[in-house]
Amino acid sequence: MGMNEQNLYQQKHVSAEVAAAVVKSGDTVFVGEFAQNVEAFDTALAARRSELQEVNLITTTRLKPLACVEADPTRESFIWNDWHFSGLGRKCAERGLASYIPFSYHQGPKAVRLYESPDVAVAQVTPMDANGFFNFSTSCSMTPDYLRKAKKAILEVNTTVPRCLGGRDEGIHISEIDMVIEGPNTPLVQLPETQASEADMGIAKHVMQLLEDGATIQLGIGALPNIVGSMIAHSDLKDLGVHTEMLADSYVDMYEAGRITGKHKSIDQGKMVYTFAMGSQKLYDFLDNNPAAAIYPVDYTNDPCVIGRNPKVFAINNAIEVDLFTQVSSESSGTRQISGTGGQLDFILGAFNSEGGKGLICISSTYKQKDGTMASRIVPTLSPGSIVTCPRSLVHYVVTEFGYAQMKGKSTWQRAEALINIAHPDFRDQLIKDAEAMGIWRRSNKIV
Ligand SMILES: CC(=O)SCCNC(=O)CCNC(=O)[C@H](O)C(C)(C)COP(=O)(O)OP(=O)(O)OC[C@H]1O[C@@H](n2cnc3c(N)ncnc32)[C@H](O)[C@@H]1OP(=O)(O)O
Ligand SMILES: CCCC(=O)O
């Protein structure tokens, strides 16, 4: 390590309490993304609860509760705003303790640069390297933009987190930041294993029918993408590439099984490109100093024009409801915000931009309601208040365990018919009646 970097480190190294003391009432404070928690800073800031009013905290998806939010159940001192809800986020929102910030993920960094004025930004990083750089580990996303825009940029070092090699802005130099804290070295939060349902298995089989050698894949979060990953690992598919938003355990399985070479990619050839990673320790160990993967800010990974430059982009994402007009809600149930738009729209657009690309909305045909009864996820119209995540003008493929339907170029009645054909058989008759009543059924005199 150079003397200059070492001196700068000594000058900027402070306790968490000193760092948290820079926050004033009314400030906006970014406190990290995904698996990366700034635990020491959060705890020290929470301890200042009685001195502070209306501090806006910003995150992207929390898996662990924020100490500040727990310390302030009346939301007077700390107001948590989240770019994407996890289960924790939506449960806090129900108690009035979290607010969702709408975006299409690739636009996040530009929105920060243009419209946000963070007073303080804090990110969890690896220890400084010999050249004075700290690495953002598993969460690049919008972190570089928040740190560069903030009046005070603070890093919290964790010696246990992986160093994720990247293509651009995967870290920051000591000269660009104001303070460094040494955190408690808690290992990264891990996602619990998911259990695929019978419907997920059925959907995954249809997905596999559509997938070709040489495709560039993006898998979303959850049980279905994981089972698809496992089927790919056990298939004889060749030379797949990866250009995704989230890197998860299933990519390690596919890579180790020899399915991923990235040799047909037009950009970042041979590299698995992503903007954040969440999974088990197996994933975090795989990523540490591994040049097989490259992390980038999200305005690169999720830019639909960038996505579209690779061949046969194959994007697999989940949804909550699809209506007979082919409007997709993947983020809310009525007015209940469940997750967020995230990168779904980015990848649906990007996949269609790609030569031979396919954007898939995968949805189990039914959903078990709280009272134990089954409801169709293919519905006449979205539940009142539901947010449209993917508008009908952009929908490409919809897949259920009963098959798949390609929607581009299809009229309203053709789309309704295609959807009813892949709905659960118990609900098809009623859906036909609904389509007729809404005038989007070809046997209706109103249409043909
Ligand atoms: C990281 C990436 O995924 S990159 C991909 C791009 N981003 C996206 O696709 C973002 C939008 N998509 C998503 O957020 C997710 O894929 C989802 C929400 C559609 C599915 O995620 P899953 O984790 O499989 O959902 P899950 O089945 O656990 O349901 C989540 C919640 O929605 C509720 N829910 C699901 N379906 C319904 C429904 N039809 N009606 C009412 N509530 C529903 C569940 O009850 C659950 O709430 P709870 O935790 O309070 O019980
Ligand atoms: C913040 C993005 C997460 C997602 O796309 O689901």
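Residues are numbered from 1 along each chain as its sequence is written, while chains are lettered from A and ligands numbered from 1 in the order in which they are written. Since the model is predicted, local features need pLDDT of at least 70, side-chain atom pairs count only at pLDDT 80 or more, and totals for chains, interfaces and linings use all residues; side-chain values use heavy atoms, with hydrogens and water left out.

Ligand 1 comes first. Its shell holds 24 residues, with R90, I221, R336, S339 and Q344 the closest; a residue counts as near if one of its heavy atoms lies within 4 Å. By class, this shell splits into 7 nonpolar, 12 polar and 5 charged residues (Ala, Val, Leu, Ile, Met, Phe, Trp, Tyr, Cys and Pro count as nonpolar, Asp, Glu, Lys and Arg as charged, and the others, Gly among them, as polar). Several polar contacts turn up here, meaning pairs of N or O atoms within 3.5 Å (within protein, one must be able to donate a hydrogen and the other to accept it, and residues adjacent in sequence count only if both atoms are side-chain atoms). A polar side-chain atom of Q344 sits 2.8 Å from an oxygen atom of ligand 1, and a side-chain N or O atom of K91 is 3.1 Å from an oxygen atom of the ligand. For S330, a backbone N or O atom lies 3.5 Å from a nitrogen atom of ligand 1. On its own, ligand 1 has 1,000 Å² of accessible area, and the protein covers 77% of that (Shrake-Rupley method, 1.4 Å probe; for residues, only the protein chains shown count as cover). Two elements, α5 (87–94) and β16 (313–318), each give two or more residues to the shell; helices (H or I, at least four residues) and strands (E, at least two) are DSSP runs, numbered from the N terminus. Ligand 1 lies between domain 1 (3–182) and domain 2 (198–437), because both give residues to its shell, with domain bounds taken from an automatic or database domain assignment.

Ligand 2 has F34, T60, H84, Y105, E245, G342 and G343 around it. That makes 2 nonpolar, 4 polar and 1 charged residues. Oxygen atoms of ligand 2 lie 2.4 Å from a side-chain N or O atom of E245, 2.8 Å from a polar backbone atom of G343 and 3.2 Å from a polar side-chain atom of H84. The protein buries 84% of the 230 Å² that ligand 2 exposes when taken alone. Ligand 2 also lies between domain 1 (3–182) and domain 2 (198–437), since both contribute to the shell.

The whole structure has 17 salt bridges, each a side-chain nitrogen of Lys or Arg within 4 Å of a carboxyl oxygen of Asp or Glu. One of them pairs D72 with R49 at 3.5 Å. It links distant parts of the chain, 23 residues apart: D72 is in the loop between α4 (67–71) and β3 (78–82), and R49 in the loop between α3 (39–46) and β2 (55–62). D72 is buried at 1% relative accessibility, whereas R49 is partly exposed at 30% (buried means under 20% relative accessible area, exposed over 50%, partly exposed in between; 1.4 Å probe, protein chains only). K24 and D27 form another salt bridge, at 3.7 Å, and D27 is buried at 5% relative accessibility.
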